[in-house]
Amino acid sequence: MPRQLTLGEAAKALGVSADTLRRWDRAGKLRTVRDDRNRRRVPEAEVARLSARPRRHAAGDTLSARNRFAGIVRSVEVDGVMALVEIEAGPFLVTAAVTRDAVEELGLAPGVAATAAVKATSVMVERG
């Protein structure tokens, strides 16, 4: 069976957000399959097909935020479709409200290295 990527893995490979892939799936621009837990999976062939399209920026370097706080996840509180993630970054404690999907796709848990990227009033989180 061909390898299937999570939405997060496919988004990172394509240099877009998981939300963009969800929109493309609903619009018929992306062909996905569902696993036994009804989560979207993206066949590698789809990533390859879409990778041939020109991109506006390089994958992995897509955020323009200048204020980045690298640290360690201190806590994750999931409630319904949302979650609160606390990142201890040196003397700073950054709390981000993110989706449950983001927590699962990034593998965020206490002790995991993560970076909070702050831009305007939004806090974005990426693993690593």
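Student: How are α1 and α2 oriented to each other, roughly parallel or roughly perpendicular?

Tutor: Axes here are lines fitted to C-alpha atoms, for helices over the stretch in contact, and angles run from 0 to 180 degrees between N-to-C directions. Angles under 35 degrees count as roughly parallel, over 145 as roughly antiparallel, 65 to 115 as roughly perpendicular, and the rest as oblique. In this predicted model, α1 and α2 pack at an angle of about 100°, with their axes 8 Å apart. The arrangement is therefore roughly perpendicular.

Student: How many residues of the contact of α1 with α2 are charged?

Tutor: Contact means heavy atoms within 4.5 Å. On the α1 side are L7, A10, A11 and L14, which meet A18, L21 and R22 of α2. Ala, Val, Leu, Ile, Met, Phe, Trp, Tyr, Cys and Pro count as nonpolar, Asp, Glu, Lys and Arg as charged, and the others, Gly among them, as polar. The contact thus divides into six nonpolar residues, no polar ones and, as for charged residues, one.

Student: Which elements do the buried residues of α2 pack against?

Tutor: Buried means under 20% relative accessible area, exposed over 50%, and partly exposed in between (1.4 Å probe, protein chains only). In α2 (residues 18-27), the buried residues are A18, T20, L21, R22 and D25. They pack against α1, β3 (40-43) and α4 (100-106).

Student: Is the orientation of α1 and α3 parallel or perpendicular?

Tutor: Helix α1 (residues 7-14) packs with helix α3 (residues 44-51) at an angle of about 20°, their axes lying 10 Å apart. By the angle rule, α1 is therefore roughly parallel to α3. The contact involves A10, A13 and L14 of α1 together with V47, L50 and S51 of α3. Five of its residues are nonpolar, one is polar and none is charged; the orientation asked for is roughly parallel.

Student: How many helices and strands does the secondary structure of the chain come to?

Tutor: Helices (H or I, at least four residues) and strands (E, at least two) are DSSP runs, numbered from the N terminus. Along the sequence they follow the pattern β-α-α-β-β-α-β-β-β-α-β-β. The chain comes to four helices and eight strands.

Student: Why does V94 count as buried?

Tutor: V94 is found in strand β6. Leaving aside neighbours within four places in sequence, V94 is in contact with F69, V85, E86, I87, A116 and V123. V94 counts as buried because its relative accessibility is 12%.

Student: What relative accessible area makes S75 buried?

Tutor: S75 lies in strand β4 (residues 67-79). Beyond neighbours within four places in sequence, S75 is in contact with L84, V85, E86 and P110. S75 is buried, with a relative accessible area of 19%.

Student: Where is N38 found?

Tutor: N38 is not a glycine, although its phi is positive, at about 65°. G28, which follows α2, also has a positive phi, near 85°. N38 is found in the loop between β2 (33-34) and β3.

Technical notes: Residues are numbered from 1 along each chain as its sequence is written. This is a predicted model: local features need pLDDT of at least 70, side-chain atom pairs count only at pLDDT 80 or more; totals for chains, interfaces and linings use all residues. Side-chain values use heavy atoms; hydrogens and water are left out.
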